[in-house]
Each structure stands twice: as C-alpha cells, then as structure tokens.
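Me: Please walk me through this model. I want to learn how to read its features.

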Amino acid sequence: MTEALLVKEAEAVQVTAPASGARSFWRRLRAQRAALPAGVVGALLVLVALAAPLLTALAGQDPNAYHPEAVDSAAGGVPLGSFGGIGAEHWLGVEPGTGRDLFARIVYGARVSLGVALFATVVQLALGVTLGLAAALGNRWVDQAISRFTDVVVALPLMVMALALLAIVPQSVPRPVLIAVVVGLVGWSGTSKVVRAQALALKSLDHVAAARLSGWSTWRIARRELLPSLAAPVITYGALLVPANISVEAALSFLGIGIKPPTPSWGQMITEADTWYATAPTYLLIPAGLLFVTVLSLTVLGEGVRVALDPRAESRLKVGTRGSKVRGGTGGAKSRKNKGGAR
C-alpha cells in the first residue's frame, strides 16, 4: 500500500514539464512554508548522525558503557532520578536496566537509521532506473519479461520478504549493511515502474526520435536524452523513499530481526521499551518522538521537492499552502471582476 502511494505521487511529475535551473527550483521550494523548516530539521538530523562521535565525546559518554550506579537494582533497574535520570551527566537520561547513556545511544541510533535508509534508497534507485530504462528501450520481449518480473516483485509484501531474507542470513554479516541491501533488493520495483512509464513517454518526443535516426546507440540515447529528463521523477521518488525506508528499518528492529544489540537503533529502543513504558516513559517517548519527527520532516520535504520540480503539481499536504490559495483566490476574484466590467 505504501509503495503504491509512492508510485502515484512520483508519477505526478510530468515529463513534459519545462526544464528550469537550480535558482528557479530553490525559489519555488522556499515559497512552500512547510518545506523550509522540514529541510532544516532533516539537515540537523543528518548533522547529528555525522557528528555522533564528537557529540558523545562532548557529553563524555559512550553508547555501550554500562552505568549500574545510575539505576536502582532493587527496583529492577529503574533509572534513578526524575524523567529517566535526566541531569547534567546524562542529558537524556539512562537506559533502564543497563544504565547506558540514552543521549549517546540516540545519536548513534540516528546514524544507523538514516544510514540504512539512505543506502537502501540508493540501491532501490540504482536497480529501478537500470531495469526501468532497459524495459523501455529494449524490444518487446525484453520489456515484457522485465515488466512481468517487476509486477511479481510489486505483489510481494515488503516486510514478509525482508523478514524471510534476514532470517536466513548468518549473524556474522554486518546487520545495518544487510538490512539496507535487503530493503533495496526488495523495494526497487516502484522505481522501475516510474522510470519505465516516463521513459516510454520520452521516447515519443522529437529529439529522442532524431537521436535514434542519427544512429546513436541505445546507451548514448539513455545517457544524453533520457536520464536528464528523468532526474525530476527519480529525485522525487527518492525523496519519498527515504522516510519510508526509515519506517521499514524501525519496524524490522521492532520485530526483533533488524539491528542487533549492542548496536543502537531507534526501532530497537522502542522494542526494548515495551516493558519499561510505565516506570520509565522517557525511554519510549524520546526515540519514538524522534522517529516521528524524522519521518514527518522528510515526508514534507519530499513533497516540497516534488512540487518544486513540477510547478503545476498540487501538494497533497495541506500545510503551508494558505498564502498561495489566498493569492489564487484574489487573482480569481479580480479576473471575474474584470470580466464583469468588460461585459
């Protein structure tokens, strides 16, 4: 269901949209009031993930260091102090049972969650663009074979396939890389369908037909004529895939088959918090809140990128659009007034 919605949103970017420079794109993106704060939040999260070692060094904490003095062993490991042990030494409190610093595990968990999502998105886009172009530019048999295979992959449930593949892989394989590869291998079909549909529409344009008649090779036509025009839908779909992949990684960790301890992950923290939410609610609220904010900000940013790349598209998120509606309504009223005066 989620993949179908992403395909529908990405296909809304028309290939006939006029090309525009980076300056026009940034101007249209800044005009959307919701996209700018979402982009700032997303950039801050990326900076936090990249600067995780520096931030933990400033806090004087290690994500895997145990602090038994910070928990009440007589009460089953409940953090000492209010709000989960939040204080000058532990900025976000400590993990129940172990006393590990929650701030250190949160910032390293951001690195894992964002890294897995971005790497999985790169794998999905690479496979989807390659197979989509091959289907669009190949002969009828190649197109049918790739299209039918893509339909089979689309019909497969992402979570079930990921669970099955992750369950049979040895534990010695690095889990974050494995999850990113598995999610990318299972979730490329939507990108392929989008690229194929757009490439077939582009093939009918005059400049592509002229290149074919000039004797250009298929690879040269794809590289010089199709890929630049496919940048908008591919970037749009990629921007929408990142938050979806973050949710998939968190869900896999929540089900116990994702990131394994001691590597920190937001989904893993939420899984372990199910027995502590009554006595230490911050251990659940902090990673869950950050996961919600991350997915929301990246979704809003992806929607803003989609609308900025195609000015004729309307946003499905009714956020930050009041000004444009007011201007549109005023313009419409003036137009009707002028028409009435002309009559």
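**Salt bridges and a helix**

Reply: Start with burial: R100 and E95 are both buried (under 20% relative accessible area, with exposed over 50% and partly exposed in between; 1.4 Å probe, protein chains only). This is a predicted model, where local features need pLDDT of at least 70, side-chain atom pairs need 80 or more, and totals for chains, interfaces and linings use all residues. Residues are numbered from 1 along each chain as its sequence is written, and side-chain values use heavy atoms, without hydrogens and water.

Me: How many salt bridges are there by this rule?

Reply: A salt bridge puts a side-chain nitrogen of Lys or Arg within 4 Å of a carboxyl oxygen of Asp or Glu. The count is five. In one of them, R100 meets E95 at 2.7 Å, N to O. R105 also bridges to E95, with the closest N and O atoms 3.6 Å apart. R105 sits in helix α5, and E95 in the loop between β2 (78-79) and α5. Helices (H or I, at least four residues) and strands (E, at least two) are DSSP runs, numbered from the N terminus.

Me: What does D151 pair with?

Reply: K193, at 3.4 Å between the closest N and O atoms. D151 lies in helix α6 and K193 in helix α9 (residues 189-203), so the pair ties together parts 42 residues apart in sequence. D151 is partly exposed at 31% relative accessibility. K193 is partly exposed too, at 33%.

Me: Which residues of α8 are buried?

Reply: R175, L178, I179, A180, V182, V183, G184 and V186. Their cover includes α5 (102-137), α6 (140-155), α7 (158-168) and α11 (218-254).

Methods:
Contact means heavy atoms within 4.5 Å.
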